[in-house]
Amino acid sequence: MKNIRWEAEGINSYILEPVDGGLMPPFEPGAHVDVQLSPGLARSYSLVNDPAVRGYYEIAVHHAIDSRGGSRHIHEQWRVGEIFDISEPKNNFPMVEDASHTVMIAGGIGITPMLPMIARLERLGRSWELHYVAASPERAAYVDRLSEHDRVEIVYDGIPGGRRLDLKAICAAAPTDAHLYCCGPGGMLDAFVATNCDRPKGHAHIEYFSAETEVAAEGGYTLELAKSGRTITVEEGETMLDALLGAGIDIGFACAEGVCGTCEVKVLGGVPDHRDHFLTDEDKAANRSIMVCCSGSKTANLVLDL
Ligand code: FES
């Protein structure tokens, strides 16, 4: 890691360079990387820099008060020169580049995926606007970069006299064929969904940073692993991922709360109890795959392609 910069209260940015020099793999706006913090501890972070800049990646990390180890580890342990593994960029929040107009709505650390989107839209000469809410000026990251643009609205909702974003008005003002992107805390995403912005299907895009849904840890079912022929019992109090790791199954995961998509496994039989924010409603209804970090089973047995 090349550099650490204070961006706002509780938010640092980190510049990551390849150990052997050269270029980073290309990425599209909205992409993230999984950062391996220690054995068994990985976290996903959006790439913040302009995708046209290939010499480094920039990520930003909010030190969550209730951190389960990821952001606390980074804020407390990382120093310049730190060496660690990251994944190739993955994109669960891709941008439609030829939209007539793009509306971005961000809350808190949810601003991060919007920055490369803005860079790309500027390069393409596309029409866009950004609405960004933070608790206070001290907790608003990247305001210096954002203030270069006149299509940015920043509001503070945690100070005396502050106000909330008027999501209904933003949605109502957006052209019918605009694409809208929302990333921020769960309450904001729920409010965005409730505004029913998605006029033509697929024009409203959401990225969850952390789930507020409880993971399934009720246990009481078995996993049949079709490839290895093994059967594993998921006990009360453990997740499916806990049970798989405990049985020595090598399975990739990062967020461990159903938002990043890393732990997706094909389902061959049984009915999953989907608890994630990654699969679409259609995907969930089809029951073809499951996020094993957070989801459970509605049937006594679940057959997985493992
Ligand atoms: S590890 Fe992120 S969705 Fe399961």
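User: Is aspartate 34 buried or exposed?

Analyst: The model is a predicted one. A residue counts as buried when its relative accessible area is under 20%. Aspartate 34 has a relative accessible area of 8%, and therefore it is buried.

User: Where does aspartate 34 lie, and which residues does it touch?

Analyst: Aspartate 34 belongs to strand β3, residues 32-38. Leaving aside residues up to four places away in sequence, aspartate 34 touches Arg43, Ser44, Asp85, Ile86, Ser87, Lys90, Ala254 and Thr262. With serine 44 there is a polar contact between the two side chains, at 2.7 Å.

User: With which strand does β12 pair, and in what sense?

Analyst: Strand β12 pairs with β11, residues 221-225, in the antiparallel sense, over 4 bridges. In one of these, glutamate 224 has threonine 231 of β12 as its bridge partner. The hairpin of β11 and β12 has 5 residues between the strands, and glycine 229 in this hairpin takes a positive phi near 75°.

User: What is the phi of tyrosine 142, and how is such a value to be read?

Analyst: Most residues other than glycine have a negative phi. Tyrosine 142 is not a glycine, yet its phi is positive, near 65°. Tyrosine 142 is placed in the loop between β7 (128-134) and α3 (143-146). Its relative accessibility is 1%, so tyrosine 142 counts as buried.

Asparagine 287 also has a positive phi, about 55°, although it is not a glycine. Asparagine 287 lies in the loop between α7 (281-286) and β15 (289-291), and with a relative accessible area of 22% it is partly exposed.

User: Which residues of helix α5 are buried, and why are they on the same side of α5?

Analyst: An α-helix has 3.6 residues a turn, so residues three or four places apart point the same way. In helix α5, residues 186-194, the buried residues are Gly186, Met188, Leu189 and Phe192. They are on the same side of α5 because they cover an arc of only 160° around the axis. The elements that cover these buried residues include β6 (102-107), β7, α4 (167-173), β9 (179-184) and β10 (204-208). After α5 comes asparagine 196, with a positive phi near 60°.

Key:
Residues numbered from 1 in each chain as written. Predicted model: local features only at pLDDT ≥ 70, side-chain atom pairs only at ≥ 80, totals over all residues. Heavy atoms only, no water. Helix = DSSP H or I, 4+ residues; strand = E, 2+ residues; numbered from the N terminus. Buried < 20%, exposed > 50% of the residue type's maximum accessible area, 1.4 Å probe, protein only. Polar contact = N/O pair within 3.5 Å; in protein donor to acceptor, adjacent residues only side chain to side chain. Contact = heavy atoms within 4.5 Å. Pairing = 2+ DSSP bridges. Arc of directions from axis to C-beta.
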